[in-house]
Amino acid sequence: MARVDLQNVTKDWGTAVAVDDISLDLKDGEFVAVLGPSGCGKSTTLFMLAGIYAPSSGDIRFDGARVNDVEARDRNVGIVFQSYALYPNMTVLQNILFPLRFKKVPRTDAEREAREIARLVQIENLLDRRPGQLSGGQQQRVALARALVKKPNLLLLDEPLSNLDATLRLSMRAEIRRIQRELGVTTILVTHDQIEATTMADRIICMNAGRVEQIGTPTDLYRAPETTFVAAFIGSPPINLIDARLAGDTLEIGDKRLRATGAGADHGGPVKLGLRPEHIREAEAGSATAGLAATITASEPMGRETLYTADTPIGSLHFLEATSMPRLAPGAKLSLTFDGDDSLVFDAATTRLMHGVCAHV
Amino acid sequence: MPSSASARQASNALIFLGPAIILLFALLVVPIVVDLVVAFTDMAQTVTIGEFTTRQFNKLVRPSDDAWFGFELRGSFYRALSLTAIYVFCTLTIFNITFGLILALTTTALSDRLGAFFRAVWLLPRMSPSVVYGLLWIWVVDPTERGLLNQVLINVFGLEPINMMLDHPMVLIVMANGFIGASIGMLILTSAIRSIPKHLFHAARADGAGPMAITWHIVLPALRWPLSYITVFQTLSLLVSFEYIFLIMGASRSTMTMAMLAYTKTLAPDIGSGQYAYGAAITLILIVIGMATAMFMWRMSNMKALLAKPKIEVQ
Amino acid sequence: MTAIDWNRLATRARRGRRVRSGLLLAFLTLVSLPVILPFFWVVVISVSARTGGVEAAVLWKACAVLVPCVLAYAGVHTFIASVRARIIAGLLLGGLCLIGLYVLIGADLHLNNYRFLVNPNLIEDIRGAATIGGQFPWVWEAFGNSLLVAITSMTLKVIVATLAGYYLSRFAFRGRSFFLQSLLLLEVFHPWMLTIPIFLVIFWVGLLNTLSGPILVLTVIDLPFYIFIMKGFFDAVPWDIEMSAMTDGATRRQAFRHVVLPQVRGGIIAISVLGFIKGWEEYVFVTALRTGNSYWVMSTYLYYVAEDVMGVDYGLVAAVSVFYMLPSLLLYLFLQKYLTQLTLGGVKG
Ligand SMILES: Nc1ncnc2c1ncn2[C@@H]1O[C@H](COP(=O)(O)OP(=O)(O)OP(=O)(O)O)[C@@H](O)[C@H]1O
Ligand SMILES: [Mg+2]
């Protein structure tokens, strides 16, 4: 119900810059996820959107109008705090009713809506308890109900599912997504769970040290990460990043030389080669191109897949194989290969992706 | 080696706890017992005990067939009792609690630095020596037009000068003690407000609550225990305090509370007449009130947390 | 759903914030004036009083300069956000204020009332002979005694409270809960309540008319509170620190001295400040535990100076008052940040 713009927003605590000149543009009704390491300014950004912190500089706009000065209570923003922030002296029902008290909803309607929302998040049998008597996951759902009950224009979720068990988390994900669609509310979800971000969000914002590294669809971030940070942060197990030198159409890694395409002949300098573990595989016997001669040093069963570590001429590589039992023992020798299209080359100086440049075995 | 361990335990207890026990015993426990004894004697100026008697209590109450319990209060004691009640009640409710709460709420609503500034101003009276504080009040309420209050009344408001000491002595001592009491309430409540988790304020603001609603729904519920703490301890403290009353009003009849009565009859400089047994009898009444309060406090304080066992068992 | 007028909300919020902080400031200034004015008044008397009552005029002239300056600065503070502009405005107003004060009241100021600091026989000067208070000593004798009382009682109190607080926080021993409960009970018996029996005890042990009497009593005043404060500070020190020191071979007492004590430095400073101020201001017990003028401390000195010359020489009494309160107030202002660490139970009337 609201278009949200951030323009060059900075939050400076005096001692540290928590959010450093970020600009975002969220469409009405969009669902975006924010990913980033601890302390990178995710919560601070949400707090500025909610009106709890005032930005040090830059503009926040709702539907094009500058709202920097608008009080939190006038913004109609629903927020689930990382720490739940339930009112300890009120029962669960009173907690959920609290936002409606200020919207002048008649008491009976308010109570009906509160019970309805409580049923959605499966806490209807806890309504008379106090927050102190609830588990972490139950508190989280109360916080969610409290944020949703006021039918906000903007929904901010700061790790709202972190304390739930796997099944409950799955159902809550679906429930949040359904309610979000139904209300058409613009939503920002902070999470540390990449699966959660990729399955729920239309777009993902990847933050690092107070800055936005990349904004894009989950596929964008996976296929074409703009920086080495995004490449390393998105994807599990993490990408292999190998120091290399680009010289026209060859890529020098130690003594080994790989063929490079897409770079101009005059391009040269230090780069980083990114290879995702799931894109490396054993070369088929008798294939035209020679693979990388590899020796397995470790194997790690990961459920449906196995993660191997291997020594190769271009350094130690992780790669995945879709077998639940380790097939290769440490010491086993084999030849590895990957498709040139799957490889990523980053400028080592700027850490940015060199679009179109590929490496081939 | 159990014997050496227990020896170490004993010597530890002696070193760490010994001094506190000796001091507290000698100067709190022993005096309470002494008071209990002396209250039933005829001890006076010479500090000797001639006989054991309940004469001191006869000065406070006299047998009467009409009254409850068969006793009725004598005039001077009745007066002291009611002055004490008025003094304690007014100071506590108006200043220590209400004004302390207002100061805590307003100073925490300002920026940290401004709030700290105003709190520092309010703590000035408490941090300055009591004799100076008493003198300040004497200068303020000086009945001539030199008195600060009268200067303000005459020059700023164009009113007639007033004589607080003569006309409104109770108002005077309530205010003098109240300014200090308010600052104590302010300190305790400020630290209680500070310890409310920040995210509760954030959540309330996002939920649409204004400053009034936040005060009512978030702050006040968190102050319930500190407020009862202030009530109990400040009641006791006011009950036994006579320092400022004496320094400002002297031995005036108009502000002769129970603690003042005991003090002026015994040890007050230049006027105390050494009626120790009489003073001890009044003190005994205060001790009984103190005991009752302590019992009440026990029920309300969190004994379990206090008594939680330490973890290292090694001595 | 109707579109929200964000601009109107923003304007309303800006105005609301300004009005609210303006009201708060105005309210607090108004209620704080009665607190600060008497202190200002006594300082003014002490530096301007002569015979003839000039000090009232000085007070109001000084206020006429100060009040507009303070109001102007408050205005600057509310309406200007830039820190630089605030500092410049502050300096400018401060300068204006000093010039104004100099022009209006500069000629009336003098330090004559402070001559008691250098004159050992002040009272004899004024009255020919001392009266009620008997022989007044030189003020520095009282000052030294007060310092002795305050520092000794503070040191004793801090040591006793720290030792007991640590033991209660960390040791399991038989009778621990009994001891804690008794301590809680003793909290309610303020020595003021027990002035008379304490006097008798001190008299019987023969410490009447010595400074040891007030020092001992001052050590006990609020001692249970101080023990609880220190226990609270020790409770907050993680066990791991101590355990690891002990696994490294330290004995319990060494661990306490070298590892735990430094952790509670803030608490020790806080109770030291409170303890010193309490000892410095003590009046009730220093008068109750002496007969005649066996010793002088600042509080009795001021009390009798006021008694003696109040009607005659306001200036002298005010000057002694200012001299007397200066150490407490300076200590308080400089170490205030430690006092704010004390939480519930850490403060008492
Ligand atoms: N009130 C504050 N005062 C000073 N610095 C702060 C404050 N709040 C946050 N910071 C700092 O700002 C930075 C960003 O904090 P923020 O809470 O936004 O991180 P986050 O991305 O939410 O991390 P997490 O995933 O751990 O929740 C941190 O370095 C933090 O130390
Ligand atoms: Mg966070």
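Trainee: Before we start, what counts as a helix here?

Mentor: This is a predicted model, and its helices are read off as DSSP runs, numbered from the N terminus.

Trainee: How much of ligand 1 does the protein bury?

Mentor: Start with the polar contacts to ligand oxygens: a polar side-chain atom of T44(A) sits 2.5 Å from one, and for S43(A) the distance is 2.6 Å. H192(A) also has a polar side-chain atom 3.2 Å from an oxygen of ligand 1. Taken alone, the ligand exposes 630 Å², and the share of that buried by the protein is 64%.

Trainee: Now the backbone. Which peptide bond is cis, with omega near -5°?

Mentor: Most peptide bonds are trans. Look in the loop between α8 (228–233) and β11 (240–247) of chain A, where P237(A) sits. The cis bond there runs from S236(A) to P237(A).

Trainee: A85(A) has a positive phi of about 55° without being a glycine. Is A85(A) buried or exposed?

Mentor: A85(A) belongs to the loop between β6 (77–80) and α2 (92–101) of chain A. Its relative accessibility is 1%, and the cut-off for buried is under 20%. So A85(A) counts as buried.

Technical notes. Residues numbered from 1 in each chain as written. Chains lettered and ligands numbered in written order. Predicted model: local features only at pLDDT ≥ 70, side-chain atom pairs only at ≥ 80, totals over all residues. Heavy atoms only, no water. Polar contact = N/O pair within 3.5 Å; in protein donor to acceptor, adjacent residues only side chain to side chain. Areas by Shrake-Rupley, 256 points an atom, 1.4 Å probe, with all protein chains shown as cover. Helix = DSSP H or I, 4+ residues; strand = E, 2+ residues; numbered from the N terminus. Buried < 20%, exposed > 50% of the residue type's maximum accessible area, 1.4 Å probe, protein only.
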